There are 2 protein chains.
Amino acid sequence: MMTGGNSIQPMTGDGPQPAGAIPFDIRPIAYVLGLLIAALGMTMIVPMAMDLIDGSDHAGVFIESGLITVVFGGLIALATRNSPRDNLSIQQIFLMTTSVWLVLPLFAALPFMVGATEADFTDAFFESMSGLTTTGSTVFTGLETLPRGLLLWRSMLQWFGGVGIVVTGMVFLPELRVGGMQIFRIESFETEGKILPRAAQIAARISVIYILLTSACFFAYLMVGMDGFQALNHALTTLSTGGFSTSDASFGAFSGPAEYVAALFMILASLPFVRFVQLMAGHYAPLWQDSQVRTFLRLTAALIVIVTAYRLLGSNEAFEPVFREAVFNIASIITGTGYASVDYQLWGAFAVMLFFLMGLVGGCAGSTCCSVKIFRYQLLFSSIKSQIGKIHSPHGVFIPRYNGRPVGPDVLSSVMAFFLVFIVTLGVLSVLLSMTGLDFVTSVSGAATAVANIGPGLGEIIGPAGNFAPLNDTAKWLLCLGMLMGRLEMLTVFALMSPVFWRN
Amino acid sequence: MMTGGNSIQPMTGDGPQPAGAIPFDIRPIAYVLGLLIAALGMTMIVPMAMDLIDGSDHAGVFIESGLITVVFGGLIALATRNSPRDNLSIQQIFLMTTSVWLVLPLFAALPFMVGATEADFTDAFFESMSGLTTTGSTVFTGLETLPRGLLLWRSMLQWFGGVGIVVTGMVFLPELRVGGMQIFRIESFETEGKILPRAAQIAARISVIYILLTSACFFAYLMVGMDGFQALNHALTTLSTGGFSTSDASFGAFSGPAEYVAALFMILASLPFVRFVQLMAGHYAPLWQDSQVRTFLRLTAALIVIVTAYRLLGSNEAFEPVFREAVFNIASIITGTGYASVDYQLWGAFAVMLFFLMGLVGGCAGSTCCSVKIFRYQLLFSSIKSQIGKIHSPHGVFIPRYNGRPVGPDVLSSVMAFFLVFIVTLGVLSVLLSMTGLDFVTSVSGAATAVANIGPGLGEIIGPAGNFAPLNDTAKWLLCLGMLMGRLEMLTVFALMSPVFWRN
């Protein structure tokens, strides 16, 4: 619409295709999807077992949903098992990445439709998309009254989503050169070779760390007074920076110490997982020297100080609860987890604005976090600095650096394109949400919370004390789209929609 | 704050200084400022004459203010008249551009403090900054009861500001390579040589067009029923896309046809003035072939259709008033003029959102418009397209084009840096405004209306039916800062604050 009169002219044809690639052969994609669907179905044994232990006849829901899912996924995988998977084309990788995040939520939604929530398709898909993308927005209320198997299923979805995000961020996005993620290409382990075996290998190594951290979080929650079921669910949704809870009151239902534990593990889950792998091998330096880690921790600490000071100045509240609420809620929003312990909208207009913008920051690349992410802001600011340098000395050469390495102009344009698409997506989604009749604050913050995969928005309806249930179906589908786009770092979806991308 | 661990390394020293430049010699800057201040003071004869004709003793206000201003400016110019002005350094041009927009409002504010409005310094400065930057936000109410000289002074400030913007945008910003404006460097006439004589020459040629268009607008307003005074004031504030009115009701006070006239001239004032110069020389092609003109007109037309359709669907309102209100209000906001005829917030949530985002578009470069501007969106979208192309063919070369000419990576980074700084400025200003206690909508829309130099914001306080008077002083000063930054295309102010820029 805006580009009339301008054109992009490819100068060297269509570029080389990877040898042996067969574009538009969707069988390898179907095979991977089939395997993942079948695997998802098999994990339904866990909530089924939970319901059986509870003596609830709700267990049948998971047997039914699980059978459908396993059979469906298994048949697809079986039918496509002989497809060539050695050299996937860029188009195939794109389509695979997108369809995984689009199709898995369909099957993950089954228990919500068949089960005690008796949700219609829209609500079930919304909840399952919100789960797998680790957004954490919910349309269900009366969580305490739901069968425990169903609550566990919600938490498990976020936990699976968390692994998926790390693998997507470490393997697929760098390969696709999306949003500057290519700078993490070299440092994602030393693994080389075909993309699918590499993804499986990295997923395995990451899972060890992920399970260890989740276990540590589980025991920590037990120690601060949660029961086993609460500790398990919250450990799953903390490490995935997801934010689903077992209670409508979210962390409002738990004691003070639980908030500190949650804050600690939410922040750990926002650090690059590759650093933990190095840590386990005895290499401490890469973690402390990682500039996105340092910047993220500094920024979080600064925000905690600012919000605490803002609330203490001119009030006679005690230090501890104010400090704790700041630590917990800032960690929750900046990491995109989305737990709430209080309605921070009551802290005043300044806090509302700050929490809104905080959600647009996000954690480190290679973690379970979403949103714009710290390293992109670092690169953007570096780029502005070099622009200012160029204004001063038009013939000087200014090379932005990241983590000590020079950053090429390709990466910078890629990051800037990401930022632009992010802002434009926010704008367009806000407009579309407002067309469904939602007010300004709900539309803008709803768009932001979806695209940045946070959880709560602002205002009375979808704020930290609210719920997404009252929204109409159109708004829910728009938010699902936003969550998907946010999770896929925007450009994947844009590229799929672009004629340039499909031209061959 | 966000750039810890990253550094910009200048590789070739500080770059060549223009021959003969004496950095930090502020005398040439003081000389230009002095001349402009004295000139501003002399124009106070006009509102003085107006008050004398009306037989009002308010004329003394302008004699007093005018004398102070002329003497002050004259003395400065006299004291620095022998300063070297042939080769200004980049730092000097920066400082000059910024200080013109900072110092002139100080003197322009005098009549508001001494005169019938009896404004305090904050209100007077706010009104005069809002005037000269052609923003159009006002803190005064009961406009109909003010002496006509004072109303005329407000309108004149916007009209002067309009010329200033065109000259700044055609001469100074391209020279400073700010925000991609360097692409307009070549086409800004064929004038070459020293910057100050060139600025004066372009100002003179632009003024002819500007006066012709203003006169046409004046007569058109007369024809649709305005009296001479109303027509004069609104012609001055229409061509400058300023938006001050002679009535609290703005265009709510005038007939339907006046709205169409206003829309026509607001849109004309948003086109690149260099095209009108070419038009007068008989060259029609450059105007019709200018891609920013075509995109701007198409987008405006599309928005008018959308808003009209949105309001007509599901209502039984008549076509004409709905269409007219859409034409007028969309033209008013997208050009950043800021007149209002109705409270478009009553059209529903969708309209509110759309008008908010529309203000972030802006007209063409080289016009009196502000905000991000159409050409930057065109370049940004071109850049995204080429990013997508690169994802598809990593070794392909994709060169974005603008108006048929290839655009270098330097220009693209410059535009992206502008966009980023614009968004960050909006965010920071929103946070600061919310710290003064303003609600979310008022803070966000207040920041946007200031930085994009529009006029009205959203919400009950500063919306199209509201006024900026109820804001506290801190908020008003923050908005003044926003207007200044918006007017100077952001980077000038950033550069002045940057140590890199001042290092020598």
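Trainee: What should I know before we start?
Mentor: This is a predicted model, so local features need pLDDT of at least 70 and side-chain atom pairs count only at pLDDT 80 or more, while totals for chains, interfaces and linings use all residues. Residues are numbered from 1 along each chain as its sequence is written, chains are lettered from A and ligands numbered from 1 in the order written, and side-chain values use heavy atoms, with hydrogens and water left out.

Trainee: OK, H14 in chain A. What span should its 16 residues have?
Mentor: At 1.5 Å a residue, helix H14(A), residues 319-334, should span 22 Å, and its end C-alpha atoms are 22 Å apart, which agrees. Helices here are DSSP runs (H or I, at least four residues), numbered from the N terminus. The expected span is 1.5 Å times one less than the number of residues.

Trainee: How many residues of H14(A) are buried?
Mentor: Twelve of its 16. Buried means under 20% relative accessible area, exposed over 50%, partly exposed in between (1.4 Å probe, protein chains only). Among the buried ones are Val322(A), Arg324(A), Glu325(A) and Phe328(A).

Trainee: And what covers them?
Mentor: The cover includes helices H10 (256-269), H13 (291-312) and H15 (349-358) of chain A, going by contact, meaning heavy atoms within 4.5 Å.

Trainee: Which residue does Glu325(A) pair with?
Mentor: Its side chain meets that of Arg311(A) in a salt bridge, 2.8 Å from N to O. That links H13 of chain A, which holds Arg311(A), to H14, with the two residues 14 apart. Both Arg311(A) and Glu325(A) are buried. A salt bridge here is a side-chain nitrogen of Lys or Arg within 4 Å of a carboxyl oxygen of Asp or Glu.

Trainee: What about Arg324(A)?
Mentor: Arg324(A) is in a network of salt bridges with Glu259(A) and Glu320(A).

Trainee: How many salt bridges does the structure hold over all chains?
Mentor: There are 22. One of interest is Asp123(A) with Lys476(A), at 2.7 Å from N to O. Asp123(A) sits in H6 of chain A and Lys476(A) in H20 (residues 473-487) of chain A, so the pair ties together parts 353 residues apart in sequence. Asp123(A) and Lys476(A) are both buried.

Trainee: Back in chain A, what's the phi of Lys373(A)?
Mentor: Near 80°, a positive value in a residue other than glycine. Lys373(A) is buried, with a relative accessible area of 3%.

Trainee: And Glu118(A), buried or exposed?
Mentor: Exposed, at a relative accessible area of 65%. Glu118(A) also has a positive phi, about 45°, although it is not a glycine. You'll find Glu118(A) in the loop between H5 (110-114) and H6 (121-132) of chain A.

Trainee: Last one: where is Arg275(B)?
Mentor: In helix H11 (residues 273-280) of chain B. Arg275(B) counts as buried at 5% relative accessibility.
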